[in-house]
Amino acid sequence: MTPALSADIYTLDQLSVCIQELRKLVGEQRDKAAQAHMNGASASTAAPSMTPLAASLLHANQLADPTPKELEEVIKALETLRLHAPVIHLTLASLPGPKLLAKLVDWFRKEIHPQVLLTLVMDRTIGGGIIIRTHASVHDFSFTSQLLRQKDRLTEIAARV
């Protein structure tokens, strides 16, 4: 099984929190089933309480009312994903708002990998632009690096001001 990640789950930490929450949910479901079995009653069908992140993860995987077995499969797939998912580190002059963040996650998942995870760091010294780091390369599109690459033009630009 290849789990789908919702757009609001884009970091390793968020993924880890969802895994823990799903484990807790499996435990609760099994406890309720055991209690119901001991009491001779049917298990309650009340919707489990969970965070919006976990709910969005279940929704992305089309699991409206998952069984413990289905949850165990998702947990196993998510644990594998946590170990092997591509992670891209983005350094920005300021952290993006929710709409821009959603667009970034969507773009990386469509263009790079459907299960890519992002790490966002703010560094005002880059002046603007972005620095993208993967396990194998660094792509510096920051304003600071662009200015430093054109040192000979700095005096020309300053003279015009």
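User: Which class does glutamate 79 fall into: buried, partly exposed or exposed?
Analyst: The model is predicted: local features need pLDDT of at least 70, side-chain atom pairs count only at pLDDT 80 or more, and totals for chains, interfaces and linings use all residues. Residues are numbered from 1 along each chain as its sequence is written, and side-chain values use heavy atoms, without hydrogens or water. Buried means under 20% relative accessible area, exposed over 50% and partly exposed in between (1.4 Å probe, protein chains only). Because its relative accessibility is 24%, glutamate 79 counts as partly exposed.

User: Which residue forms a salt bridge with glutamate 79?
Analyst: A salt bridge needs a side-chain nitrogen of Lys or Arg within 4 Å of a carboxyl oxygen of Asp or Glu. For glutamate 79 the closest N and O atoms are 1.8 Å apart, and the partner is arginine 23. The two residues link distant parts of the chain, 56 residues apart, with glutamate 79 in helix α3 and arginine 23 in helix α1.

User: Which residue forms a salt bridge with arginine 30?
Analyst: Arginine 30 is partly exposed at 44% relative accessibility, and glutamate 72 is partly exposed at 33%. Their closest N and O atoms lie 3.3 Å apart in a salt bridge. This pair again links distant parts of the chain, 42 residues apart: arginine 30 is in α1, and α3 holds glutamate 72.

User: Why can residues four places apart in an α-helix point the same way?
Analyst: Four places is the spacing of aspartate 106 and lysine 110 in α4.

User: What span does helix α1 reach from its first C-alpha to its last?
Analyst: Helices (H or I, at least four residues) and strands (E, at least two) are DSSP runs, numbered from the N terminus. The expected span is 1.5 Å times one less than the number of residues. With 28 residues (12-39), α1 is expected to span 40 Å, and its reach is close to that, at 41 Å.

User: Which elements are included in what covers the buried residues of α1?
Analyst: The buried residues of α1 include Gln14, Glu21 and Gln29 as well as Leu15, Leu22 and Leu25. What covers them includes β2 (117-122), α2 (52-60) and α3 (68-84). In turn, α2 has the buried residues Ala54, Ser56, Leu57 and Leu58, and their cover includes α1 and α3. For α1, then, the elements include α2, α3 and β2.

User: Which arginine is in contact with leucine 5, leaving aside neighbours within four places in sequence?
Analyst: Contact means heavy atoms within 4.5 Å. On that basis the partners of leucine 5 include Leu15, Leu57, Leu78 and Leu117, and among them is also Arg109.

User: Which residue makes a side-chain polar contact with threonine 91?
Analyst: Threonine 91 lies in strand β1 (residues 87-92) and is buried at 7%. A polar contact is a pair of N or O atoms within 3.5 Å; within protein, one must be able to donate a hydrogen and the other to accept it, and residues adjacent in sequence count only if both atoms are side-chain atoms. At 3.0 Å, the side chain joined to threonine 91 is that of arginine 133.

User: How many degrees lie between the planes of tryptophan 107 and phenylalanine 108?
Analyst: Rings of Phe, Tyr and Trp (its six-membered ring) pair if their centres lie within 6.5 Å; planes under 30 degrees apart count as stacked, over 60 as edge-to-face and the rest as tilted. The structure holds one aromatic pair. Its members, tryptophan 107 and phenylalanine 108, are edge-to-face at 5.0 Å centre to centre, with a plane angle of 90 degrees.
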